[in-house]
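Okay, thanks for having me, everyone. Let me put the protein up on the screen and walk you through it.

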Amino acid sequence: MNLIRLLKKTQPRLIALCLLACIIVSCSVKQSPENVYSINIVRKPQQILTGHLNLGTNVSPDGNVLGANSYYFTRNNKPWYPVVGEIHYSRVPEEQWED
């Protein structure tokens, strides 16, 4: 109970102290051109690198050409994003493996 009473007494003082500190800090910052900052979010186009990965044979038996550059995979020289997944057999009951 003593702690609750102490908090009730000091809480208004603490809030007032925090407000006073904020006022002092905001008044002490000069609004001059040196304190104005800007952010440039324009991105330069990135160079797509090709041929830097030695992936071996890239032609599949059905004639598709697979490749990769510094940003994405390619299939027949067009961007290709394969959908992949995995399964943890230890988390699936054996009866459901064929599903």
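This is a predicted model: local features need pLDDT of at least 70, side-chain atom pairs count only at pLDDT 80 or more; totals for chains, interfaces and linings use all residues.

Asn 64 sits in the loop that runs between H1 and S1. Is Asn 64 buried or exposed? Its relative accessible area is 15%, and the cut-off for buried is under 20%, so Asn 64 counts as buried. Across the 99 residues of the protein, 5% are in that buried class.

Okay, let's step back to the overall layout. You've got one helix and three strands, and going along the sequence the pattern reads α-β-β-β.

Helix first. H1 covers residues 2-28, and Leu 20 is part of it. Leu 20 is partly exposed, at 47% relative accessible area. Leu 20 also belongs to a nonpolar patch on the surface, together with Leu 14, Leu 17 and Ile 24. Put together, those four have about 410 Å² of accessible area.

Gly 56 is exposed, with a relative accessible area of 52%. From Gly 56 to Gly 67 you count eleven residues in sequence, and the C-alpha to C-alpha distance in space is 9.8 Å.

Now the strands. They make an open sheet, in the order S1-S2-S3, with antiparallel pairing. So which strands stand at the edges? Those are S1, residues 66-68, and S3, residues 78-80; each has a single partner strand, so one side of each has no neighbour in the sheet. Neighbouring strands are turned against each other by 40 degrees on average, if you ignore direction. S2, which is residues 73-75, pairs with S3 over three bridges, in the antiparallel sense. If you want a spot to look at there, find Thr 74, which stands opposite Pro 79 in S3.

Next, the loops that link the strands. Between S1 and S2 you'll find Asn 69. Asn 69 is buried, with a relative accessible area of 10%. What does the side chain of Asn 69 lie close to, in numbers? A polar atom of that side chain is 2.7 Å from the backbone nitrogen of Tyr 71. For Tyr 72, the distance from the backbone nitrogen to a polar atom of the Asn 69 side chain is 2.8 Å.

A bit of background on backbone angles: most residues other than glycine have a negative phi. Asn 76, though, has a positive phi, near 55 degrees. Asn 77 isn't a glycine either, and its phi is positive too, at about 60 degrees. As for how open they are, Asn 76 is partly exposed, at 35% relative accessible area, while Asn 77 is exposed, at 69%.

Definitions and conventions: Residues are numbered from 1 along each chain as its sequence is written. Side-chain values use heavy atoms; hydrogens and water are left out. Patches are made of residues with over 30% relative accessible area and no salt bridge: like charges are joined within 9 Å, nonpolar side chains (Val, Leu, Ile, Met, Phe, Trp, Tyr) within 5 Å. Accessible areas come from the Shrake-Rupley method with a 1.4 Å probe; for residues, only the protein chains shown count as cover. A salt bridge is a side-chain nitrogen of Lys or Arg within 4 Å of a carboxyl oxygen of Asp or Glu. Helices (H or I, at least four residues) and strands (E, at least two) are DSSP runs, numbered from the N terminus. Buried means under 20% relative accessible area, exposed over 50%, partly exposed in between (1.4 Å probe, protein chains only). Two strands pair if DSSP finds at least two bridges between them. Axes are lines fitted to C-alpha atoms, for helices over the stretch in contact, and angles run from 0 to 180 degrees between N-to-C directions. A polar contact is a pair of N or O atoms within 3.5 Å; within protein, one must be able to donate a hydrogen and the other to accept it, and residues adjacent in sequence count only if both atoms are side-chain atoms.
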